[in-house]
2 protein chains.
Amino acid sequence: MPAAGSVSETFARFVASSTWTDIDAGLRHEAKRSLLNFFGCALGAANDPAVATAVAVMRDFSGPVPLTVIGRRERLDAMGAAFVNAIAANLLDYDDTHLETVIHPTAPVAPAALALAEQHGFRGGSLLHAFILGAEVECRIGKAVSPGHYARGWHITATCGVFGAAVACGKLLGLTEAELAAAIGIAASQSAGLVENLASAAKNVGVGNAARNGLLAALLARAGYMAAPQALEGALGWARAMGDAPTPEAFTGGLGVRWEYAANTYKPYPAGIVFHAVIDACLELRKRLGVSPDDLQSVTVRGDQLLLDRGDRPVTNARDARVSIHHCAAVAFLRGRAGVEEFELSAVADPAIAALRRKVHAECDPSLPSGGAIVTARTQDGRSMSVRVDAALGSVAQPLSDRDLEAKFRDNAARNGDEMDAEACIAAVWAIEEATSVAPLMRLMARA
Amino acid sequence: MPAAGSVSETFARFVASSTWTDIDAGLRHEAKRSLLNFFGCALGAANDPAVATAVAVMRDFSGPVPLTVIGRRERLDAMGAAFVNAIAANLLDYDDTHLETVIHPTAPVAPAALALAEQHGFRGGSLLHAFILGAEVECRIGKAVSPGHYARGWHITATCGVFGAAVACGKLLGLTEAELAAAIGIAASQSAGLVENLASAAKNVGVGNAARNGLLAALLARAGYMAAPQALEGALGWARAMGDAPTPEAFTGGLGVRWEYAANTYKPYPAGIVFHAVIDACLELRKRLGVSPDDLQSVTVRGDQLLLDRGDRPVTNARDARVSIHHCAAVAFLRGRAGVEEFELSAVADPAIAALRRKVHAECDPSLPSGGAIVTARTQDGRSMSVRVDAALGSVAQPLSDRDLEAKFRDNAARNGDEMDAEACIAAVWAIEEATSVAPLMRLMARA
């Protein structure tokens with residue numbers, strides 16, 4: 001990419017000039033994996049009260065073209081569908097993660113692009129292309145301001161997601177280079193979301209708005225709204241206002257050569273990502289020890305300070321459970337799995353799980369890598385066994401396979417009773433590149 | 001107010017417990033003045049392409065209850081009407097100003113509250129009450145983070161306006177204390193808008209979103225969405241993420257005793273507020289000198305560094321003209337007024353005005369107070385006269401009278417040809433406190 005132009009303009013030129021042949025097979029396949037994971041996560045949360053509430057509020061403000069709300073019977077216009085589907089996809093903390101930024105790339109980008117594509121009957125390949133470009137710009141903007149951005153209190157999935165949604169929608173709509181730059185600049189004036197609110201439904205609003213407002217940015221840019229060329233890097237622009245001052249190169253260096261989005265990862269468990277090694281180790285110990293939970297005397301979890309800071313806490317509800325060392329270890333030992341059910345209130349309140357949580361102790365071991373853990377189980381009969389996990393399942397080093405992602409999708413889809421045809425959904429996602437319209441796939445994702 | 005509780009909770013308790021009898025006659029009257037000024041500014045911009053574009057984009061996403069778009073025939077649902085009316089009210093930089101924060105308090109708050117009140121047929125007194133409380137919370141939050149917030153790049157009208165809209169809508173909807181606190185916390189995760197974008201239409205999006213998303217915050221809170229109690233002052237909350245760390249007292253000290261909103265001011269001219277003293281002085285010189293512009297040899301404007309930094313610039317379009325010392329002085333001398341027409345492209349391109357702009361020179365005089373100016377005119381026949389203005393018309397010290405505000409409203413309304421009944425509108429605003437429904441007033445504000 002030439003260095004001339006502002007950050008918005010450089011991104012816009014890249015996006016406007018990108019052709020499908022620029023996207024290699026690996027990126028195309030990764031996008032399908034991201035979408036399969038996305039749809040599953042949204043289906044897994046489709047009956048959650050937070051999703052039902054978002055649908056109910058948005059119904060009063062839904063225009064004449066109703067579109068799919070994943071896993072539900074109601075339909076909403078593109079703004080409403082983008083908002084609710086983004087909320088659903090992110091709700092269980094089960095969606096994908098760009099580990100270096102901790103962005104969940106797909107939740108804000110795919111719903112906006114899918115709603116627009118469903119509305120206009122765009123081709124599956126166009127949707128994939130737009131999604132990949134949106135996710136790339138989203139991850140790059142996030143990386144340019146990491147780690148200070150999140151540490152300062154910005155919920156990076158929301159604050160950067162709005163750029164990804166704007167770019168994906170802009171590409172789908174065929175915006176010119178100037179219009180795409182405007183869409184990015186307009187997105188900058190809509191970028192919001194706070195870490196302080198992560199333990200509450202206000203988090204959902206930030207993620208939903210990233211999708212909804214990104215779509216709005218693209219539509220306004222198409223209609224002629226402009227933005228400051230240096231909306232991102234200017235002296236009174238996005239990065240500085242939010243507390244950072246990266247160079248333009250940090251945003252756009254190696255654009256089209258190095259793909260940030262390619263480092264996307266998928267969670268095997270709906271828990272905080274730092275707890276995945278703990279769960280892996282406990283599942284392995286359970287297999288090797290072959291004892292019942294009653295036979296356990298104690299479970300000691302060692303990890304770095306981050307693990308202890310985030311996860312050594314009392315558990316009173318589902319949100320706590322997803323970021324609790326004790327709960328993660330207990331369900332892995334007791335149930336031999338850590339799926340969505342294991343982090344619901346019924347599991348939190350299960351006396352057997354609560355009893356096992358009390359046998360779990362956490363210790364700091366600064367020698368362990370971030371994301372790693374050593375778990376030691378001691379049995380009532382005096383045996384002791386340790387398992388060390390450096391790279392958890394789902395990390396870049398141990399990615400979930402396509403089969404793993406299909407199994408995860410089935411688990412999530414099954415939470416809607418027998419109303420979803422999971423196999424048809426899976427097949428449609430793998431075949432999306434050839435689909436002449438995104439609409440049939442979206443219809444499969446709605447509740448009958 | 002008791003000091004217990006978080007900032008959101010303290011504001012929520014204040015708003016939930018406020019009764020109409022707590023609002024004195026001065027505040028009630030100020031709110032009517034703010035609304036009269038608001039409606040006029042929106043009418044003055046109703047035919048602007050930026051407003052037409054916003055309407056066109058929002059029409060595709062407008063739900064089943066259509067409401068008034070000020071000065072237009074189209075109708076939009078509450079989200080759309082709040083968005084567009086906020087954009088229109090702020091578009092010409094002609095709306096009200098809380099000088100200490102540079103917040104334009106009414107543009108984001110009134111449209112959200114008015115749309116909700118029109119939708120539900122709420123009483124005029126309820127609307128006034130909700131508006132005053134919303135504007136008060138908005139100005140207080142802004143003041144707690146001023147002046148660093150704006151200086152860092154945050155467009156404070158947008159970033160703080162969303163709180164005001166959330167509070168006003170929450171009060172109208174009769175939210176409980178807990179729900180109001182949630183609405184404020186949800187608004188924090190939607191707070192956005194950049195100074196870098198002020199010279200472009202992206203500015204409009206920030207202001208429009210403050211109204212639209214503030215309404216959404218109140219609706220979601222009513223439906224059960226929660227937020228972190230310390231969304232504003234928490235370690236990873238709004239103030240710190242945005243770069244400030246005020247004490248809770250800075251937000252809520254003297255709540256209900258000292259009213260920030262009471263310091264609201266109104267512009268006599270649709271130009272940057274620091275240029276108002278220049279215009280006042282030139283109008284006075286024009287009257288006293290009694291010469292034609294051709295007889296002027298030169299006009300020297302002296303002001304503080306801020307005036308020169310903001311206003312000593314070439315003029316190529318309407319946005320430039322509104323922040324140009326040269327243009328402000330030229331139109332005042334040439335036309336004897338500085339209304340909306342004087343800052344349109346036709347005036348910018350007027351050869352006589354352009355010629356007079358070239359005779360204007362700016363000089364720094366650090367001894368002048370901020371907002372003050374000394375203008376010296378020299379005539380071709382060798383006369384020289386100076387006028388000094390320390391407090392411009394429209395400042396706290398020289399407030400616009402009710403009659404001034406009525407005249408300003410008429411000027412703005414007249415920009416819609418003879419389609420507006422300006423006298424009926426003015427009478428309806430002054431009588432709003434007694435109106436059993438806001439709907440008839442809103443109907444008057446729509447184009448026939």
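This is a predicted model: local features need pLDDT of at least 70, side-chain atom pairs count only at pLDDT 80 or more; totals for chains, interfaces and linings use all residues.
Chain A is divided into domain 1 (7–266 + 402–445) and domain 2 (273–389). Chain B lands on chain A with an RMSD of 0.0 Å.

**The two copies**
- Getting chain B onto chain A takes a turn of 180° and a shift of 0.0 Å along the axis, so the two copies are related as by a two-fold rotation axis.
- In chain B, the residue that comes closest to that axis is Gly63(B), with its C-alpha at 2.4 Å.
- The copies meet through the same surface, because 100% of the interface residues of chain B are also interface residues in chain A.

**Domain 1 against domain 2 in chain A**
- The domain centres, taken over C-alpha atoms, sit 33 Å apart, and the contact draws 14 residues from domain 1 and seven residues from domain 2.
- Together the two domains bury about 800 Å², with 48% of that on carbon and sulfur atoms.
- Four salt bridges turn up across this interface, and two residue pairs are in polar contact.
- On the domain 1 side, the residues touching domain 2 are seven nonpolar, four polar and three charged.
- Glu344(A) and Arg415(A) make a salt bridge, with their closest N and O atoms 2.7 Å apart.

**Around Asp93(A)**
- Asp93(A) sits in the loop between α4 (78–91) and β3 (97–98) of chain A.
- Beyond its neighbours within four places in sequence, Asp93(A) touches Lys203(A), Lys267(A), Pro270(A), Ala271(A) and Arg322(A).
- With Lys203(A), Asp93(A) has a side-chain polar contact of 2.7 Å.
- Ala271(A) is 178 residues away along the chain from Asp93(A), yet their C-alpha atoms are separated by 6.3 Å.

Notes. Residues are numbered from 1 along each chain as its sequence is written. Chains are lettered from A and ligands numbered from 1 in the order in which they are written. Side-chain values use heavy atoms; hydrogens and water are left out. Helices (H or I, at least four residues) and strands (E, at least two) are DSSP runs, numbered from the N terminus. Contact means heavy atoms within 4.5 Å. A polar contact is a pair of N or O atoms within 3.5 Å; within protein, one must be able to donate a hydrogen and the other to accept it, and residues adjacent in sequence count only if both atoms are side-chain atoms. Copies are superposed by least squares on the C-alpha atoms of residues with pLDDT of at least 70 in both. Domain bounds come from an automatic or database domain assignment. Buried area is the accessible area (1.4 Å probe) that two parts lose on being put together, summed over both. A salt bridge is a side-chain nitrogen of Lys or Arg within 4 Å of a carboxyl oxygen of Asp or Glu. Ala, Val, Leu, Ile, Met, Phe, Trp, Tyr, Cys and Pro count as nonpolar, Asp, Glu, Lys and Arg as charged, and the others, Gly among them, as polar.
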